[in-house]
Structures are given as C-alpha cells and as structure tokens.
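I'd like to walk you through one model, so let me put it on the screen.

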Amino acid sequence: MTAAGVVAAVLLLAVAAYTCAGGTDYGAGFWDLTAGGAERGKRPRWLIDHAMAPVWEVNNVWLIFVLVIMWTGFPEFFQTVFSSMWLPLALAVIGIVLRGAGFALRKPTRRIAGRRVYGAVFAIASLLTPFFLGAAAGGIASGRVGPGTEPTAHAWFNPTSVFFGLLAVVGTALLGAVFLAADAVRYEAPDLHAYFRRRALATLAAFAVLGAVTLVVAHADAPHLWHGLTHGAGLALLVLAVLATLVTAWLLLRTSGAWSRPAAVVLMASAVIAWGVAQRPYLIPGRLTVAEAAGAPSTLHWLLIVTVVAAVLVFPAVAFLYRLDTRGTLEPLTDADLRRGGDPEPGA
C-alpha cells in the first residue's frame, strides 16, 4: 500500500472513531431533547448530565484529528469538500460550538428560564449537527462534489445526503441510548436502565430499516457506492454491521444488557468503514482518487510519523480516560462539592 493509501486508511479510522465517540454525545443530546417536560424529563436529564460530564470535551479530539489529516494529507479533497459544501459544514460547526456552550452553561445556571434556554440549545444542536455532517458525507458518497464544483444546495441536499443525515441522527441516538442504559446500571437506577434500553431497541430497529432503505436509494443515486457495498471488502463489512446489529439487539434484550456498548460500537464503526472501503480507489467517487488528492510524498511521510507519535502518546491516554469513565471511576463534582470548595475534610 502506498503512503497515500495508508493516510487514507488512517483518515477513515479517525472518522469512525469520531462517529462512535462524538456520536454517543450527540445521541445523549437527542434523548435530552425528547425527554419531555421539566418534571417528566428530570431523571433522564440527570443521568445525561452525570454520564457526559467527564468525557464530552475529549471526544472532539477525533474531529480535530480528522481535519488535520484532511488538510495536510489531502489538501485538494479538503478544499473541494469545504468550498462546495460550506453551508452544511458551517452549520455543523456552529452546532458543535452551541451544544458545548449549552451543556456547559446549563448546570451552573440557577434561573429556571436560563437552564431551559441552555438545555434547548444543547438538545437542538445535538440533533442538527449530526444531520448536517451526514448530509455532507452523502454529498461525497454520491459523487456530487468535485474539484471546481460550485457551492449549491444540490451538493448536500439530495436523496443520498438526506438519508445519510437521517442515518447519522438515528445512529447517534442509538449509541446514546445504549451507553446511557449501561450508565444507569452503574448509577444503580433500574428505572432509567429500562427507560433507555427500550429506546435503544427502538432506535436499533429504526437504524436497521433506514440503513436498508439507504442502500436501495444508493442503487440509483450513488451507483459506485452501491457496487462497493455489494461486492468484496465492502460487502464483508456490511455483513459485519448486520451481525453486530443482531448481537446488539440480543444483548439489549438481556436483563443486564452487558456488552451492549462494544457491540453497538462495532456496528457503527463497521458501517462507517464499509462506506469508506466501498469508495475505493476514490475519496469522491468518480471525481477524485486517493492518489490524485494526496499531498507531497514528504508531507505524507511526516504525517505518518506524527500519527505514530500521536498513537503512542495521545491515544492510550484517551483510551484510559474512556476506561475510567465506563468503570465509574470518574465522577463530576456535585453542587455540594462546589459549595464546600476547598474546606478541609472533618477531622483533618
């Protein structure tokens, strides 16, 4: 495999990592939006706040990594995507900023009206951001953008883009529900475990149906993608995604729901990687190959070196943080902790 091919594989893995890690956070925001009124949604939102607090910021590391690889390793691809689909990507960036601000400011705000405003910003942005990111991905997958393409709505608002956007929303909701159901067990909240487990099963079914419909749409609207997903490695990864769907459903139907999180991650990661593999040898089907979009060979070699350094120094730390969080070692400060501040412990 050439250096450009290796960098493209790293880019695809980074996109899959952001889909799974960042998608879980977006999914939590989806369930925050649909939790109901203040009283009805109080306990689901309490779990969302406590489950997200330790790690929600670190998930954007994967997005930064994706952007760095894109503009350094494939500058023409970066320019093409961000110039022809600047509107949905700009809206996605605004959504990322607003959802972070809404989540960070909601809890310390004391006035009920203020908390509702910040909560609404967080929840709505969590719904719209994955849709616009998915719509942009659909524009790439259907080959509607290319070098010199003028920015038009048709590039990102077409059948493939719409279904990719809906898949992104439902997929993130699935990840959010699965992880929150597991977090409810950790917080010893059986009512919330049942609450989110039911929603995880419902969104899993919706994701499976929507995925099948998207595949049918791709047959006519994105023929290169369709061919890649029904032959060779793309088909194998698609079969893996189907098997992961069945395993996830079986695990969620069990009382404990143990191991449902890894199964859901395998499902989402295999679906994203199947999309990337199906496009080979293109970054944009029919318009721009990996070799055509690649930067200078020296740049690619240095990028691979930096990636190895990051894999050694950064990725283990991020993985360790995730492990601490999923095992319940990390807990956010409570209001009582904040009021107590630096006061010494009794008897100290």
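Which residues does the UniProt annotation "transmembrane region" cover? According to that unreviewed entry, they are residues 85-105, 117-141, 161-181, 201-220, 232-253, 265-282 and 302-322. UniProt positions are given in the numbering used here, feature names are shortened, and annotations may be inferred rather than shown by experiment.

A word on the ground rules. This is a predicted model, where local features need pLDDT of at least 70 and side-chain atom pairs count only at pLDDT 80 or more, while totals for chains, interfaces and linings use all residues. Residues are numbered from 1 along each chain as its sequence is written, and side-chain values use heavy atoms, with hydrogens and water left out.

Let's look at two of those spans. Residues 201-220 are 100% helix and 0% strand, with the end C-alpha atoms 30 Å apart. Residues 232-253 are also 100% helix and 0% strand, and there the end C-alpha atoms lie 32 Å apart. Helices here are DSSP runs (H or I, at least four residues), as are strands (E, at least two), numbered from the N terminus.

Now to helix 4, residues 75-84. Its buried residues are Phe 77, Thr 80, Val 81 and Ser 84. They cover an arc of only 90° around the axis, so they sit on the same side of helix 4. That arc is taken from the directions from the helix axis to the C-beta atoms. Buried means under 20% relative accessible area, exposed over 50%, and partly exposed in between (1.4 Å probe, protein chains only).

Phe 77 also turns up in the largest nonpolar core, which has 71 residues. Among those with the most contacts inside that core are Trp 31, Phe 74 and Met 85. Helix 7, residues 159-186, gives the most to this core, with 12 residues. A second, separate core of 15 residues includes Ala 218 and Trp 275. By nonpolar core I mean a set of buried Ala, Val, Leu, Ile, Met, Phe, Trp, Tyr and Cys residues joined through side-chain atoms within 4.5 Å.

Is Arg 106 buried or exposed? Arg 106, in helix 5 (residues 86-106), counts as buried because its relative accessibility is 6%. Its side chain makes polar contacts with the side chains of Asp 32, at 2.7 Å, and Asp 49, at 2.6 Å. For a polar contact, we need a pair of N or O atoms within 3.5 Å; within protein, one must be able to donate a hydrogen and the other to accept it, and residues adjacent in sequence count only if both atoms are side-chain atoms.

Finally, the rings. Rings of Phe, Tyr and Trp (its six-membered ring) pair if their centres lie within 6.5 Å; planes under 30 degrees apart count as stacked, over 60 as edge-to-face and the rest as tilted. By this rule the count comes to 13 aromatic pairs. Trp 156 and Phe 157 form an edge-to-face pair, 6.1 Å centre to centre with 70° between the planes. Trp 156 is buried at 12% relative accessibility, whereas Phe 157 is exposed at 52%. Phe 164 and Trp 275 are edge-to-face too, with centres 6.1 Å apart and planes at 85°. Phe 164 lies in helix 7 and Trp 275 in helix 11 (residues 260-278), so this pair ties together parts that are 111 residues apart in sequence. Ring pairs also link Phe 131, Phe 132, Trp 156 and Phe 157 into a cluster.
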